[in-house]
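Dear colleague,

Here is the structure I said I would pass on. My notes on it follow below.

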Amino acid sequence: MTKPMIVLAGITALMAAMPFSRAVAADPVMPAAPVPAARHFTTQETPIGDLLADPAAKAILDKIIPGLSENPQIGMAASMTLRAIQPMAGDKITEEMLKALDAEFAKLPAR
């Protein structure tokens, strides 16, 4: 055996003996990331931006709270929920409206 071949054989033997090499050889496929469970939209948990981005949810919002989706300031509240902005909205978003929205959102398929 020539010297380069001996060196190559030694490197190969060392790599085979390394724990990492065995782990990779034993399980070459990385596990998939868990898929989040589908959930219904709610006034308590769903950000307004998500509601406006979904055509069915936006139609429900427009029906129960007319004008909300066209309000020029709604973009500032995109990361907030309807329940979070209710205290700041005065009589424009009532508890009855939120209950009606939740009832309608529950009829939509979970996403």
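Helix 6, which spans residues 95-105, has Leu98, Leu101 and Phe105 as its buried residues. Viewed down the helix axis, these fall within an arc of 60°, so they line one face of helix 6. On the other side of the helix, Glu96 and Lys99 are exposed. Please keep in mind that this is a predicted model.

The largest nonpolar core has 18 residues. Those with the most contacts inside this core are Leu51, Leu61, Leu68, Leu82, Ile93, Leu101 and Phe105. At least two residues of the core come from each of helix 3, helix 4, helix 5 and helix 6, and helix 4 gives the most, with four. As a general point, nonpolar side chains in soluble globular proteins tend to be buried together.

Leu82 is worth a look on its own. Leaving aside residues up to four places away in sequence, Leu82 touches Thr43, Ile48, Leu51, Leu61, Leu68, Ile93, Leu98 and Leu101.

The largest pocket has a volume of about 370 Å³. It is lined by 14 residues, of which Leu68, Asn71, Gln73, Ile85 and Ala89 are the closest to its centre. By type, the lining of this pocket divides into 10 nonpolar residues, three polar and one charged.

Regards

Methods
Residues numbered from 1 in each chain as written. Predicted model: local features only at pLDDT ≥ 70, side-chain atom pairs only at ≥ 80, totals over all residues. Heavy atoms only, no water. Buried < 20%, exposed > 50% of the residue type's maximum accessible area, 1.4 Å probe, protein only. Arc of directions from axis to C-beta. Core = buried A, V, L, I, M, F, W, Y, C linked by side-chain atoms within 4.5 Å. Contact = heavy atoms within 4.5 Å. 1 Å grid on protein atoms, 1.4 Å probe; cavity = no way out; pocket = protein on both sides within 12 Å on 5 of 7 lines; lining within 4 Å. Points joined across faces, edges and corners; volume = space filled by probe spheres on them. Nonpolar A, V, L, I, M, F, W, Y, C, P; charged D, E, K, R; others polar.
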